[in-house]
Amino acid sequence: MTTAEQRSRTRLSTSHAVTLPLELSLAMGGVVVPARRNRLESVLPAALSSLAIAPGIGCVALIGIQYHRVGGQEAATGLEPYNEFAVIIPAVHGSRTNVPVAQLVDGEIGGYVHWLPVTTEPAVALGRELWGYPKERANVTVTDGPNGIRAVVASRRYSDREAVRLEIPRPRFSPRARDWTLASYTTKEGTLLRTPVQIQGDVAIGIGPSVGTTLEIAPALTRELRLWRRPLGRLYGSRVRARLLVGERITE
């Protein structure tokens, strides 16, 4: 176990005690859509650069998450499972170029969390107090049914009605076992924070259009990030485990 993985216990303002790394089990389904890169650059911290997938084009991931458990069995947090919807901007830290693909040679890819509505106040406290995640309470419905994952977000921040509606069909092919460690970027107390997120489980990834995938985005959110509505790819996982480690401050 590395230093970053040493267990530490923190008590939230809601009185819930949380042990890090935080163990999670979940189902998730999401899409990646293209967006105007200059717009994404304007909302990212200065130390990050939007991942370029083509000249002038970046991308945004939209992911619905249904948590089954928050905290491992040996270190239960008392936090009830909740639903979440993540709007993440794939970004690169440390790159000296904006050329597509070349960014990955000298930089570290991760995802900057732009918006993270959740269904409970303890979930808001968990994300904001430990990692600076921009969580806010909203009506988020995520269901993992026989036909696939469906996520609906209702938030007055972007719409009086639905901000996002996303449906990902259950894949026709068997998902592959994945074992990823990703960098999650947030801003906490004015400082950029990098949090390693370890993900394990069977996750299906598809590239290109998908029959049955539905995506509706409120005009206000579309304008804010200059989003396209035609997905470039999608992911789906019904039984996924994740570990969130202690965040590391990035000072430059």
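Trainee: Which strands and helix each supply at least two residues of the lining of the largest pocket?
Mentor: Strand 3 (22–36), strand 5 (57–70), strand 6 (83–93), strand 7 (108–118), strand 12 (176–188), strand 13 (191–207), strand 15 (233–244) and helix 3 (121–131). Helices (H or I, at least four residues) and strands (E, at least two) are DSSP runs, numbered from the N terminus. This is a predicted model, where local features need pLDDT of at least 70, side-chain atom pairs count only at pLDDT 80 or more, and totals for chains, interfaces and linings use all residues. Residues are numbered from 1 along each chain as its sequence is written, and side-chain values use heavy atoms, leaving out hydrogens and water.

Trainee: Which strand gives the largest share?
Mentor: Strand 3, with 7 residues.

Trainee: And how do the lining residues divide by class?
Mentor: There are 35 nonpolar, 8 polar and 5 charged. Here Ala, Val, Leu, Ile, Met, Phe, Trp, Tyr, Cys and Pro count as nonpolar, Asp, Glu, Lys and Arg as charged, and the others, Gly among them, as polar.

Trainee: Switching topic, what does Leu62 touch?
Mentor: Not counting residues up to four places away in sequence, its contacts (heavy atoms within 4.5 Å) include Gly29, Val31, Phe85, Val87, Leu166 and Ile217.

Trainee: Which residues touch the most other members of the largest nonpolar core?
Mentor: Among them are Leu62, Val60 and Phe85, in a core of 37 residues. Such a core joins buried (under 20% relative accessible area, 1.4 Å probe, protein chains only) Ala, Val, Leu, Ile, Met, Phe, Trp, Tyr and Cys residues through side-chain atoms within 4.5 Å. A second, separate core has 31 residues, including Ile63 and Ile199.

Technical notes:
Buried < 20%, exposed > 50% of the residue type's maximum accessible area, 1.4 Å probe, protein only.
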